[in-house]
Amino acid sequence: MSDERPKPLSRRRLLIAAGFSVLACGAAGCGKRARQEMVLKPAGDAGAVRRILVVFIGALFGRTLTAQDADDLSARLDDLQASDTALNHDCTVLAQYLEALAQNCGADGFEVCNASQQQSIVDEIMRIDFKSYSARLLSRLSREHRDYYRMRWSAVPQLAWIYSHSPAAWRARGYLRWPGVKGDWHDILAPGASYP
Amino acid sequence: MSSARRYDLVIIGAGLTGALIAAEATRRGRTVALIEAGQRFSFATRPAQLRHHQIFGGLMWPYVHAERDRYTDSSHQSIGVAYALESHRLKGVGGSTMQWGGRISRLMPTDFRTASLYGTGTDWPISYDELEPYYSRADWELGVSGSPHQALPPRSREYPNPGFPLSVDDAMWLPLAEQLGIAVYPSAFAINSAPFAGRSQCQAFAACAVCPSGARYSADVHVAAAERSGLCDLFDNTVARRIDLTASGAVRAVQVSSLQKQEREIQGTNYVIAAHAVESARLLLLSKCGNHSDQVGRNFMEHIYVEAGGHIANKRFYPRRGGYEVLESLAYYYGEDRRERGGMKIEFTFEQDPLSDMESHHIWGQSMARYDRKNFGRWAGIAAETEHQPNPDSRVTLDPYVADLFGDPVPHMHLAFSDIDHRTQRHARDIMQQLLGQAGVKDVVQDPLTSTSFGAHHLGTCRMSDDPDKGVVDRDCKVHGTTNLFVAGGSVFPTGGAVQPSLTIAAIALRLADHLYAA
Ligand SMILES: Cc1cc2nc3c(=O)[nH]c(=O)nc-3n(C[C@H](O)[C@H](O)[C@H](O)COP(=O)(O)OP(=O)(O)OC[C@H]3O[C@@H](n4cnc5c(N)ncnc54)[C@H](O)[C@@H]3O)c2cc1C
Ligand code: SF4
């Protein structure tokens, strides 16, 4: 069901999210809007979610992705969306938060944020304390909180796994071939390319 | 329901042991029923399986059946860590070799006589020399690629494939080894360095747990050979639940259930349990067979890996261009102090992905990019595979409170270390510190004091001994007190040495096949 349109977060959920956004976007000059209510935009269809997540992955690893990197990652995200409903949900929630936080920074969406805005949004996501006692308690009490924390402990590590096992990670290191791609074992007898 | 056919041989478990024995028996014209709890895997799906792993992570092989494979574990009470059985075995046609590393070692001749030589462990009732011809045959069955080396035990036949040479990364350790006076050599692998037995040469997919080329041996190869003979019936997704033993000590039948809980019995002239050390012991315990001296399930042994590593600023490695690292050393296997500690083998590694440090180091964004640039390809690691002494308290029992899919008690794991194991691990840690220091690794980020893992090598539980009071099977793998029931696999090892066990497992399987059906 990769083309199913994800449901936008409710206004109530958005307010909860905004409540958690104490550190939002300060470094990128978005602080003023961070304390206002965020207006959550639906992240769009599955394709739009993928595009947002690919940009997020790039920012998460401090990389400017090439078009080929983006295509490879997008194809893997497509597989994920198609075959794991729970993960797809977590990733969609993440995309929606990214869009909301981008709006909070005054941008039209996460994809069009500038690099420093993207970085501060990534910082905010990464600093969600999902291990705390209150996080665990709140996750049991409401679906909104569960979604909020799951996007951090489920979606983010999953996207990190996808990136680090994808051609994008290996290309960045100067590799022309990576695990899963056929080659010649005699290659190991000679030095490879250096880190660009 | 009873199977209409009566087989010459009924084998429980289609892993390395069961597959080799089935292939040998059918080669000699015997009919075989091969009972396998897990499913068949299609070779053609391996690339898709690999890609699935690269996206979703988790276990590389989708084999776990939550209810069939349930177990309990109290190892953390005795050794401080849990034993994750599900990632240390694979149930399916081909068994654990579907995801093994394929690293090949023979036990050292001294491993068969540790009690006589060092006063530790127990002696095997058979010697290295008795097993040697079977080691050589096993090399050829599995298609081992190896290079002879003086540090390795004597052999009567050359390897079937040339060994993999040292990579540029491996070569980094050579000056250090020379400086320390320790002999290093390239390990052998059950991976084809050249095309062999209809299987491709290694194509450097660097993904050996799911080898898409088939260059790495897996035991489904021998299952297929047995089936091709027309003499072997494979019962997959079928769990052996009880051995039906008569008062005279002869097995009458094996009771099995399909995963849909359809029950039947399968009969034969001889029976071999080859269900890996945990399930082999469990089946004997469930069947109340062979346990008159309370030995079944005891002396469960693993190999404990003491690992350490760090980054070397002025060196550059090229990890993950092939699927395996080759260099190892037996320099600390022996020594004056062997009465005080067990053996150990050293392996040198280079793979550690800085990107995987994201959560533990709290780094992301530009910091992560810098961290990866700084550290990728600079990792130098050492692992000591250490011996685990036989210990009656390290054991597999039945858990009376937890049942599997069929309502049978599940295996309960309880690993235990003795003082000598602690000394062995301490000794390994000292060696790690010394080697890493000499290699110029300043920031040891993986601390040998805290980093311990297991080899996924299940040994003991049905120990081989001529004395029925001290073991479960005799020197020919026959269960004491029975006439036609045999156990084979790592479960019969009286001691485990400190090397990968599967070539010894294969050699014992071939020896048992010869015993049953002399050529
Ligand atoms: C990740 C990993 C890496 C490894 N790497 C190496 C390595 O590099 N070198 C090395 O030497 N060894 C390695 N090993 C160990 C090696 O795989 C085993 O030693 C070997 O497969 C054992 O052979 P076996 O036939 O005894 O058991 P297995 O190969 O595990 O086969 C046992 C079979 O019995 C079946 N079975 C169990 N219970 C029942 C039942 N009640 N009824 C029917 N069937 C049953 C199981 O489903 C399984 O298929 C590795 C193992 C793992 C898991
Ligand atoms: S490197 Fe590739 S081809 Fe070679 S054994 Fe590993 S997975 Fe198979």
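In strand β18 of chain B, B:M413 is the bridge partner of B:D73. Strands β3 and β18 (residues 409–414) of chain B pair in the parallel sense over two bridges; strands count as paired if DSSP finds at least two bridges between them. This is a predicted model, in which local features need pLDDT of at least 70 and side-chain atom pairs count only at pLDDT 80 or more, while totals for chains, interfaces and linings use all residues. Residues are numbered from 1 along each chain as its sequence is written, and side-chain values use heavy atoms, with hydrogens and water left out.

The open sheet of three strands in chain B has the order β3-β18-β17, with mixed pairing. Its edge strands, each pairing on one side only, are listed below. Strands (E, at least two residues) and helices (H or I, at least four) are DSSP runs, numbered from the N terminus.

| Edge strand | Residues |
|---|---|
| β3 of chain B | 72–73 |
| β17 of chain B | 395–403 |

A second topic is the interface of the two chains. The contact (heavy atoms within 4.5 Å) takes 48 residues from chain A and 40 residues from chain B. Together the chains bury about 3900 Å², 57% of it on carbon and sulfur atoms; buried area is the accessible area (1.4 Å probe) that two parts lose on being put together, summed over both.

Four salt bridges are found across this interface, each defined by a side-chain nitrogen of Lys or Arg within 4 Å of a carboxyl oxygen of Asp or Glu. A salt bridge joins the side chains of A:R173 and B:D353 (2.7 Å, N to O).

Note on methods. Chains lettered and ligands numbered in written order.
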